[in-house]
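Welcome to this guided tour. Please open your viewer and get ready to select a few places in turn.

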Amino acid sequence: AAAGVPAAGISIPWWPRQRLDGRRLRSAPASLPRLASVRSVVLDIEGTTSPISFVTDVLFPYARDNVRNHLDATYGTDETKDDIALLRAQVEQDLAEGVAGAVPVPPDEAGKDSVIDALVANVEAMIKADRKITSLKQLQGHIWRTGFEGQEIKGVVFDDVPPALEKWHDSGIKTYIYSSGSREAQRLIFGNTTYGDLRKHLCGFFDTTIGTKREARSYYEIWQSVGVDRPSQILFLTDVYQEATAAQAAGLEVLISIRPGNAPLPENHRFETITSFAEILT
């Protein structure tokens, strides 16, 4: 570490915590010292840095309500042509697999209005089903960009997130975001929060182009990208048990975030939990 700067690392205080069923839990002291070697933090968004309600009640409805206007206004641009090509490929796969809500997208020769009608129907079904697919997330990011740039949307994060990001950054901990939302959407959320631009505390963004969040291989790829020697030097925070399991299988340290509105965890999940980033000390 530089003179006057403590070596980077993370520890967690040993205080009792609350289970979802109301019973008290105490962290096992033997499991805590290993976090002192953490050099990077990877954060989920929905249910971890931000309320689930921000996604379900603000972002998703905005994308759903504006998809037609966005496609109509940008139909001839290279960006939207790429979005449409990805959606066409996904819809063809969905039709072959019998996915509910999928409808054929006519060829361009059928006319702009017919193509957009079919795309809107498919996108609405994908949003309703909360599909974690690149074609949808890329389009949503482009629609949200309009909302953020026009100040119609502000990114919402929990109160404990900005000071934690700042503290980790100042301590030499490199922090990254990993979300099923596109990297552009992630940058928009953290660049336009009610606390200002938080991207200055972040080192990078990962989305499903690196792999899905429930596959251990995705976390292996993240380890290869963030510049630490061992996967155990990365701490991953998420609210989703299956993501936590995948990250742990790849060798990452894992904490599960307990936030208002999050889905309940399985009994005996065996992961350490936190209710605030303030519980994580550098």
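A residue counts as buried under 20% relative accessible area, as exposed over 50%, and as partly exposed in between (1.4 Å probe, protein chains only). The model is predicted, so local features need pLDDT of at least 70 and side-chain atom pairs count only at pLDDT 80 or more, while totals for chains, interfaces and linings use all residues. Residues are numbered from 1 along each chain as its sequence is written, and side-chain values use heavy atoms, with hydrogens and water left out.

**Stop 1: two helices**

Helices (H or I, at least four residues) and strands (E, at least two) are DSSP runs, numbered from the N terminus. Select helix H3 (residues 112-128) together with helix H4 (residues 134-149): they pack at an angle of about 100°, and their axes are 11 Å apart. Here axes are lines fitted to C-alpha atoms, for helices over the stretch in contact, and angles run from 0 to 180 degrees between N-to-C directions. H3 is therefore roughly perpendicular to H4, a term for angles of 65 to 115 degrees.

Which residues make the contact (heavy atoms within 4.5 Å)? Show Val-123, Met-126 and Ile-127 on H3, then Leu-136, Leu-139 and Gln-140 on H4.

**Stop 2: the sheet**

Next, colour the strands. Six of them form an open sheet with parallel pairing, in the order E5-E4-E3-E6-E7-E8. Two strands pair if DSSP finds at least two bridges between them. At the edges you will find strand E5 (204-206) and strand E8 (273-274), each pairing on one side only.

Zoom in on strand E4 (residues 174-178), which pairs with E5 in the parallel sense over three bridges. Tyr-178 has Phe-206 in E5 as its bridge partner.

**Stop 3: salt bridges**

A salt bridge is a side-chain nitrogen of Lys or Arg within 4 Å of a carboxyl oxygen of Asp or Glu.

- Select Asp-117 and Arg-68, whose closest N and O atoms are 2.7 Å apart. Asp-117 sits in helix H3 and Arg-68 in helix H1 (residues 52-74), 49 residues apart. Asp-117 is partly exposed at 41% relative accessible area, and Arg-68 is partly exposed at 39%.
- Move on to Arg-145 and Glu-79, which meet at 2.5 Å, N to O. Arg-145 lies in helix H4 and Glu-79 in helix H2 (residues 78-97), so the pair ties together parts 66 residues apart in sequence. Arg-145 is partly exposed at 21%, and so is Glu-79, at 29%.
- Then pick Glu-243 and Lys-213, with closest N and O atoms 3.4 Å apart. Glu-243 is in helix H8 (residues 241-249), and Lys-213 is in the loop between E5 and helix H7 (216-226). Are these two buried or exposed? Both Glu-243 and Lys-213 are buried.

**Stop 4: a loop with positive phi**

Most residues other than glycine have a negative phi. Go to the loop between strand E7 (253-257) and E8, and select Asn-268. Asn-268 has a positive phi of about 55° although it is not a glycine, and it is exposed at 62% relative accessible area. Finish with Arg-270 in the loop between E7 and E8. Arg-270 is not a glycine either, yet its phi is positive at about 70°; with 78% relative accessible area, Arg-270 is exposed.

Technical notes. Parallel < 35°, antiparallel > 145°, perpendicular 65-115°, else oblique. Contact = heavy atoms within 4.5 Å.
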